[in-house]
Amino acid sequence: MKAIETTAVLSENGQLTLDEPLALNVNSRVRVIVLITEPEDDPDDTPIAEIEEGLYQGWQDILGGRTKPVSQLWEGMDVD
């Protein structure tokens, strides 16, 4: 069995509408497990658009040479 995680909207009549279509064989039978996020359960429920913008900005920083090597990240920090 293969698992795919995606997000969906639950309508007032109990129907799920996926945010993105699944690339699966037509008429495939699937099992669905619904996990409902409670506001207090996931304080970091960052919107996809915001995550994409952060990744894009990070990539621009890499291309522009505005990064530091990992070996320099801990310099000057007092870690016990």
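The model is predicted: local features need pLDDT of at least 70, side-chain atom pairs count only at pLDDT 80 or more, and totals for chains, interfaces and linings use all residues. Residues are numbered from 1 along each chain as its sequence is written, and side-chain values use heavy atoms, without hydrogens and water.

**Helix H1.** H1 has 16 residues and spans 23 Å from first to last C-alpha, close to the expected 22 Å (1.5 Å times one less than the number of residues). Helices are DSSP runs of H or I, at least four residues; strands are E runs of at least two. Gly65 follows H1, with a positive phi near 75°.

**Salt bridge.** The whole structure holds one salt bridge, defined as a Lys or Arg side-chain nitrogen within 4 Å of an Asp or Glu carboxyl oxygen. Arg66 and Asp61 form a salt bridge at 3.1 Å, N to O.

Relative accessible area sets the classes: buried under 20%, exposed over 50%, partly exposed in between (1.4 Å probe, protein chains only).

| Residue | Relative accessible area | Class |
|---|---|---|
| Arg66 | 52% | exposed |
| Asp61 | 23% | partly exposed |
| Leu22 | 36% | partly exposed |

**Loop.** Leu22 sits in the loop between strand S2 (16–18) and helix H1 (48–63).

**Largest pocket.** Its volume is about 1,600 Å³. Of its 34 lining residues, the closest to the centre are Ile4, Glu5, Thr6, Thr7 and Ile33. A pocket is an open set of points on a 1 Å grid over the protein atoms alone, where a 1.4 Å probe fits, with protein on both sides within 12 Å along at least five of seven lines; lining residues have an atom within 4 Å of a point.

Technical notes: Grid points are joined across faces, edges and corners, and a volume is the space filled by probe spheres set on the points.
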